[in-house]
Amino acid sequence: MRILKNLVLLGGLGGGLFAVLWGLISIGVLDDYTLQILCTAGLNIMVALSLNLISGFTGQLALGHAGFLAVGAYSTGILLLAHVPFPLAIMGGALITALLGFLIGFPALRLRGDYLAIVTLGVGEIIRVLIINLGEFTGGASGLRNIPGYAQNIMVNNPAAFLWIFPAMFIAVALVANLIQSSQGRALISIREDEVASQAMGVNIFGMKLMSFTVSAFIAGLAGALYAPFIGYLAPGGFDFLRSVFFVIIVVLGGMGSLTGTILSGVGLTFLQEALRTNAKDWSQAVASLFGTSTGGLTIDFVPMSQVLFGLVLVILMIFRPEGLLGTKELRFTRLFRGAK
Amino acid sequence: MKPLLSAQHLSMQFGGLRAVHDFNLDLAVGELVGLIGPNGAGKTTVFNMLTGVYEPTEGTVQLENRKGGTEVISGLQPHKITRKGLARTFQNIRLFKSMTVWENVAIARHYLVPYSLPQAVLRLPPFGKAEAEIRSEIQDLLAIFKIDGKAEWRAANLPYGEQRKLEIVRALASKPSVLLLDEPAAGMNPQETLELMDLIRFVKDEYKLTVLLIEHDMNLVMGICERLVVLDYGRTIATGLPAEIRSNPVVIKAYLGEDAVHA
């Protein structure tokens, strides 16, 4: 019953949040820029969530989720450019990625721990290099251009994207939450806790890992699929190893094995990164104007400094909360209402 | 009578080391057999071969399956062997530490769960019905072992003795016909060991189990085992009733050295 209650509340909360945000967008309080960051946060949360499923809950460290994101994005981009109907193109991108996850998982998941991390890292890089070299389909290094957006009118593309991305994120959260709170989910967690014992208790650990990896690829692919028409232009450089690491950071910071933690840190880190990026531009200009345009041939670029600050925030958080913001705990929304009874 | 579990000519070779050599064992239905021997004799290796963790270099293991037929289980993956009715506990406790007590038991029932993944994700009626059944079934099982009050505890927070107990409960939940206990009394005080002996007897009678156990605690072994198999350096050096084993000079020599036999 508690599960059901939680779901109803979660649904209410999600619907409510959606209504409020949509209201703010309609009356123009949330500007287009904020909306864009919100959409980016939604997509980041989806990928981080999928990564948490395989790494946080199943205990199999994966470092190549930018690759899955890329496959979803490029598949959908190519399908859209081929005039495939919009919903089909989105689902197509997600399903192609899931299939790829299944095929990669077959050999890769026989490895454990560090070895799996290296293999997934390698796969992520292979995907990126393949995209660069399959120029005929992907546009190569110069990228895939003019992908049709969510709306015909480019001015309302972001609100239209929000209408897709927010519900999709919500479905992804519900999917992972329901999966985790089932016998299958318990089996996944038991694999993380102790593979030998799990197997000795009759759990088909390889099968369960493969399931987890495939679902993970599906969600990451769905995020990629939604990303393509949102951004309209795909370049292989955006799907490199650092992108994968960014998702790992979201998961670790939120807590390996905490869904609500991933959501919190996904929103937080997306906004933090954006804030540091834009402010760094201001600093760089301020410093440049202070010293003149040239300081003896040396130009100081403060944009990379934002990454230093970003790293600093992570270091501090990891020192004081090594288990992540929430550890393996969840924010339970029923708790909010318990006092009212 | 046809044995329930039968190991024939089992050998395990690790590179140049022969950990177990020509091990034979027939377990009849309802027997309680002890596997003893000095440290490093190969007892746990035998367990690992029986449960599929290792594939024996030579020999076969046969188990009577749930339909009454006999089948070869050596070479199968551990989870398949468990599903055929061979459950085990571990020498060093291997609970799922961060999971709750009832969840630990639920893992052993996972392979019996009737709902599919889509049904679970979409929360269709079979899911709710089955989950309620699993919960009440596990609660009953925990009640038998008097740890139902701690169903929501994290397994890691249980006292040591109850962790050992939970391992046995968890193994039972997989509905085995044969239960393998790897040093169940390790780290227990004499009082706890006595309680454990009662528990093992109770479990065996209540669930009509056949039990094979590894143990160092001679009081426990002599107290409850009906038959003993003694291993030393991977070879079976003696088999027989506890009383016979106790006075067997070969066994005394293996445990205490040459001089002890003449003392």
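This is a predicted model: local features need pLDDT of at least 70, side-chain atom pairs count only at pLDDT 80 or more; totals for chains, interfaces and linings use all residues.
How many residues does the contact take from chain A, and how many from chain B?

1. **The contact between the chains.** Chain A gives 23 residues to the contact, and chain B gives 26 residues. On the side of chain A that touches chain B, the elements that supply two or more residues are α7 (157-180), α8 (183-193) and α9 (195-200) of chain A.

2. By residue type, the side of chain A that touches chain B divides into 10 nonpolar, 10 polar and 3 charged residues.

3. **Helix α3 of chain A.** This helix covers residues 65-81, 17 residues in total. From its first C-alpha to its last, α3(A) reaches 24 Å, close to the 24 Å expected at 1.5 Å a residue. Of the 17 residues of α3(A), 16 are buried, so the helix is largely enclosed by the rest of the structure. A residue counts as buried here if 20 or more other C-beta atoms lie within 10 Å of its own. Just after α3(A), H83(A) adopts a positive phi of about 60°.

4. **The sheet of chain B.** In chain B, an open sheet is formed by 4 strands in the order β2-β1-β4-β5, with antiparallel pairing. The edges are held by β2 (17-27) and β5 of chain B; each has a single partner strand, so one side of each is left without a neighbour in the sheet. From one strand to the next, the twist averages 20°. As a general point, strands of a sheet pair through backbone hydrogen bonds.

5. **Pairing of β1 and β4.** Strand β1 (residues 5-14) of chain B and strand β4 (residues 58-64) of chain B run antiparallel and are joined by 5 bridges.

6. **Pairing of β4 and β5.** The antiparallel pairing of β4(B) with strand β5 (residues 70-72) of chain B extends over 3 bridges. Within it, L63(B) is bridged to E71(B) of β5(B). The hairpin of β4(B) and β5(B) has 5 residues between the strands, and in this hairpin G68(B) takes a positive phi near 100°.

How values were computed: Residues are numbered from 1 along each chain as its sequence is written. Chains are lettered from A and ligands numbered from 1 in the order in which they are written. Two residues are in contact if their C-beta atoms, placed from the backbone, lie within 7 Å. Ala, Val, Leu, Ile, Met, Phe, Trp, Tyr, Cys and Pro count as nonpolar, Asp, Glu, Lys and Arg as charged, and the others, Gly among them, as polar. The expected span of a helix is 1.5 Å times one less than its number of residues. A residue is buried if 20 or more other C-beta atoms lie within 10 Å of its own, exposed if 12 or fewer, and partly exposed in between; C-beta atoms are placed from the backbone. Two strands pair if DSSP finds at least two bridges between them. Axes are lines fitted to C-alpha atoms, for helices over the stretch in contact, and angles run from 0 to 180 degrees between N-to-C directions.
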